[in-house]
Amino acid sequence: MIVFNEKTKIFKLDTKATSYVMGLADGKYLGHIYYGKKLGAQGQDATDLSYLMRIEESPFVPSQNMRDKASFLDNFQMEYPFGGTGDFRESCINVISADGQEGLELVYAGHRIYQGKEKLEGLPATWGNNCETLEITLEDGPTGLKVLLSYSIFEDSDAVLRSAKAVNSGSQTIFINRMLSACLEMDNEAFEVLSLHGSWGRERHMARLPLTYGGYTTESIRGESSHQDHPFLAALTPGCTQESGEVYAMHFVYSGNFLAKAQVTCYDTLRMVMGIHPDYFRWKLEPGASFQAPETVLVYSGQGLGAMTHTFHDLYRNHLIRSSYKEKDRPVLINNWEATYFDFDTDKLTAIAKEASRLGIEMLVMDDGWFGNRNSDNCSLGDWTVNEEKLPGGLKRLVDEVHKLGMKFGIWFEPEMISPDSKLYKEHPDWALQLKGRTPVLAREQLVLDLSRPEVVDYVYGCLRNILTSAGIEYVKWDMNRQITDIGSSYLPKDQQGELSHRHTLAVYELQERLITEFPDLLLENCSGGGARFDPGMLYYSPQIWCSDDTDAVERLMIQEGTQLLYPLSTIGAHVSDCPNHMVGRVTPFETRGIVALAGTFGYELDITKISGQEREMVPGQIAAYKKYAPLVRDGEYYRIASYQENHFFDCYEIVSKDKSTAAVFCVQVLAQPNVRSRKLKLRGLDADALYEVEGKQYSGGALMYAGLLWERPSGDFQAKVVDVRRIEK
């Protein structure tokens, strides 16, 4: 419920368990007052928390003390801070006026409260019924700039969804050189900060450290959300655990450059901001034009990280993912990349498919190397025509052979890229991003297409469409294997070059929207050299994302833990690969690799014809286990019991059905320890008063949660098991 107290000028948003409160100081400055556990009474005077804005303290509001207005602006806890006029902290918006000057003073100009939620033009965002939205209009008189702040809440969620839109209502062109989506400001409580970091092959490792004076930043200027950082930031009260403590989290629904920053000020307040990174960003806003910033998800939890995770999981399942596959078991696939790399033909792929089909695998995915003259990663990107030397008779012949085996067929694309050694580049060198007078920077022997050009977007989509309509293709893996450099376009005018990075992201969204609209039954999986585009923006278009190119089971425990912190398990692309692992060289048991991959979409990344007979015999059982646990993985509540990243020895997580009738506990012993007894696992999420059966024995839910379940000490390294928990119905 959203209410506005006309008398006190207080806005209050109530979700199921939280309240978010703002107010006007001096009748015009929008200030943040409170975000936390749900406040009680709903009476007219009960919403008056204006005293928390401290407007009676020095330096007072400007109408009472104009001589210290700068001190007020630099002290006041702004809801959407602006730069250049006295607030020297991190701002959300800065513009350059027609006179070339920077500075704003955004003041309240009105608001509206309405049922529903408007779409964000060209951008992914949450959606759904039973939603209410508050839109507050701020304006700056001298420039004519208006900023529309949107706050939406769903009846079934504790998240607050925020976005901002700039409108030039003046008579002269202005330039936005910084426009973030949200700010959250509060008194400091000796907060710690939690973020996700890594690199290619070790994405989303959790990092937690104390916040001190100054700023903590996580960011990407790589043209994607990136392997190295993630568009997420959370402030935690000291000692916060999975089950206790307070969490203030922000997550950005965007797939390009981002900035997330937490700043502790000299007034011992915390300001957190999130949005498009201001580096390589400058947007021309002509009179009457508007600019829409992406959505940011705010989540407060007063019950630790676990409750935060549940809020994100449910929000994304119910109000972000649109694909019909979110309600279905995903087909168990086998991808030929680690099996063959570029060395394949129709016969080799058909042989893999035959053996895979015999063992119960349901889809063959043909990865990189099927087009142009692509026998290595040095050429042919952009030439999306089938290489009939590898695939004699064309793509349809191969697809038909796979379909005869009762399997589906999928294919790999990298649509945003172009190779210098390609027909396309020879015909259209100006279609590649490039800085005038400079030799383009190669990465993986490829350049990036200029997707600000409408003809390039149409060409890319035409290629995708031609391939998909040429044969019965049910799945597409969309990849992006390099980050963006040479941010220059021969198409955009010089005063719009700063729009290029954002326009690239918008074009990717446009392409994927066209794809899933024309091919609604297509299963789209996003990928970017592994997990560099695992972000909420991509989930709007694809129900699953390839988690990492590192498929080593031990490394995946840490990658998947950081990913599971925010994302439903059913969105996580997870496969069983060969050993020694192609990236780290580690050898782990086939059974353990299968159990680790169950916490995701499940598939295989190997040559099924070359693994041992013993391992092949295990495949049908692994697939049966996936089918068994798929409903839990898709719809259940995830609980983190133990973290290998923290303890360095073992990992444990639990998935519980929403009705608490069934659960699965996944245990992985990474390193054996001498002189260690069985481990005590305290389960969560069960009905304390119900009776459950576990491995043939009966326990109360309370006993399993509060006293614990013993996990017999494994006999060696890299051992794993799944424990079933089933409620005994009366």
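**Entry 1: helix H10**

I listed the buried residues of helix H10 and found Ala553, Val554, Glu555, Arg556, Leu557, Met558, Ile559, Gln560, Glu561, Gly562, Thr563 and Gln564. I took buried as under 20% relative accessible area, exposed as over 50% and partly exposed as in between, with a 1.4 Å probe and protein chains only. Twelve of the twelve residues of H10 are buried, so the helix is largely enclosed by the rest of the structure.

I note that this is a predicted model, in which local features need pLDDT of at least 70 and side-chain atom pairs count only at pLDDT 80 or more, while totals for chains, interfaces and linings use all residues. Residues are numbered from 1 along each chain as its sequence is written, and side-chain values use heavy atoms, with hydrogens and water left out.

I then checked the length of H10 (residues 553–564), whose twelve residues should span 16 Å at 1.5 Å a residue; the end C-alpha atoms lie 15 Å apart, which agrees. The expected span is 1.5 Å times one less than the number of residues. Helices (H or I, at least four residues) and strands (E, at least two) are DSSP runs, numbered from the N terminus.

**Entry 2: the sheet**

I traced an open sheet of four strands in the order S1-S2-S3-S4, with antiparallel pairing; two strands pair if DSSP finds at least two bridges between them. Strand S1 (2–5) and strand S4 (29–37) are at the edges with a single partner strand each, so one side of each has no neighbour in the sheet. Strand S3 (residues 18–25) is joined to S4 by eight bridges. Serine 19 has glycine 36 in S4 as its bridge partner.

**Entry 3: nonpolar cores**

I looked up the largest nonpolar core, which has 211 residues, with Trp370 and Tyr604 making the most contacts inside it. Such a core is a set of buried Ala, Val, Leu, Ile, Met, Phe, Trp, Tyr and Cys residues joined through side-chain atoms within 4.5 Å. Apart from it lies another core of 21 residues, including Ala663, Leu681, Leu686 and Tyr692.

**Entry 4: aromatic rings**

I paired rings of Phe, Tyr and Trp (its six-membered ring) with centres within 6.5 Å, calling planes under 30 degrees apart stacked, over 60 edge-to-face and the rest tilted. The count comes to 35 aromatic pairs. Tryptophan 283 and phenylalanine 291 form a tilted pair, 4.9 Å centre to centre with 50 degrees between the planes, and both residues are buried. Tyrosine 540 and tyrosine 541 form an edge-to-face pair at 5.1 Å and 85 degrees; both are buried.
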